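Please open the structure in a viewer and keep the selection tool at hand.

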Amino acid sequence: MGATATALVGFAGWFVLLSIAMAVYRVTLVLSGQKAPNSFAPNGADLAPLGQRLTRARDNCFETLPLFAALALGASIGGRLDVTDPLAMVVLYLRIGQSLVHLASTSVPAVQLRATLFFAQMGIYAWWAVHLLS
């Protein structure tokens, strides 16, 4: 499997891991009697700070996975993996880093680091799109 496919599967795997972590967190709240199973706010606003950060980290991953997948698919179908392969794993590492920072803190420096990691991903996506279209 090439770098783009590996990074895409890794991205999806990271999303699955975050989803499982969120499910375990919520099931623990239900089993301990702290929340009813049908009482969770979709955005995690009703959870403790860690639960809120976990929900947002997972949602951020979910929100950008289709973008990565579309670009990876376009590169693969178009026979242009030469465009995406060199930075595909970098995108995956940036995504994981962004999620980990999100889970760790919402302090101003953490938010700034998270934004930097996000914009680095978007910059790579934009670069890919331009080069795949040319």
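Which residue lies over the face of Phe40? Select Phe40 together with Lys35: the latter lies over the face of the ring, at 5.2 Å from the ring centre. Please bear in mind throughout that this is a predicted model.

Is Lys35 buried or exposed? Lys35 is buried, since its relative accessible area is 18% and the limit for that class is under 20%. Asp46, by contrast, is partly exposed, with a relative accessible area of 29%.

How many salt bridges does a search of the whole structure find? The search finds five. In general terms, side chains of opposite charge can pair when their charged atoms come close.

Select Glu63 and Arg56 next. Their side chains meet in a salt bridge, at 3.6 Å from N to O. Glu63 counts as partly exposed at 48% relative accessibility, and Arg56 also falls in the partly exposed class, at 30%. Now extend the selection to Arg58 and Asp59: together with Arg56 and Glu63, they are linked in a network of salt bridges.

Move on to Asp82 and Arg80. This pair forms a salt bridge as well, with the closest N and O atoms 3.5 Å apart. Arg80 counts as partly exposed, at 27% relative accessibility.

Six aromatic pairs are found in a search of the whole structure. Select Phe68 and Tyr125 to view one of them. The ring centres of Phe68 and Tyr125 are 6.1 Å apart and the planes stand at 75°, so the pair is edge-to-face; the class requires an angle over 60 degrees. Which parts of the chain does this pair tie together? Phe68 lies in helix H2 (residues 49–77) and Tyr125 in helix H4 (residues 108–133), so the contact joins parts that are 57 residues apart in sequence.

In soluble globular proteins, nonpolar side chains tend to be buried together. Here, the largest nonpolar core has 29 residues. Which of its members touch the most other members? Select Phe11, Cys61, Phe68, Val91, Tyr125, Trp128 and Leu132 to see them. The elements that give two or more residues to this core are H1, H2, helix H3 (81–104) and H4. H1 gives the most, with eight residues.

Finally, select Val16, Ile20 and Val24. They make a nonpolar surface patch of about 250 Å². Val24 is found in helix H1, and at 48% relative accessibility Val24 counts as partly exposed.

Terms used. Residues are numbered from 1 along each chain as its sequence is written. This is a predicted model: local features need pLDDT of at least 70, side-chain atom pairs count only at pLDDT 80 or more; totals for chains, interfaces and linings use all residues. Side-chain values use heavy atoms; hydrogens and water are left out. Rings of Phe, Tyr and Trp (its six-membered ring) pair if their centres lie within 6.5 Å; planes under 30 degrees apart count as stacked, over 60 as edge-to-face and the rest as tilted. Helices (H or I, at least four residues) and strands (E, at least two) are DSSP runs, numbered from the N terminus. A charge sits over a ring if NZ of Lys or CZ of Arg is within 6 Å of the ring centre and within 35 degrees of the ring normal. A salt bridge is a side-chain nitrogen of Lys or Arg within 4 Å of a carboxyl oxygen of Asp or Glu. Buried means under 20% relative accessible area, exposed over 50%, partly exposed in between (1.4 Å probe, protein chains only). Patches are made of residues with over 30% relative accessible area and no salt bridge: like charges are joined within 9 Å, nonpolar side chains (Val, Leu, Ile, Met, Phe, Trp, Tyr) within 5 Å. Accessible areas come from the Shrake-Rupley method with a 1.4 Å probe; for residues, only the protein chains shown count as cover. A nonpolar core is a set of buried Ala, Val, Leu, Ile, Met, Phe, Trp, Tyr and Cys residues joined through side-chain atoms within 4.5 Å.
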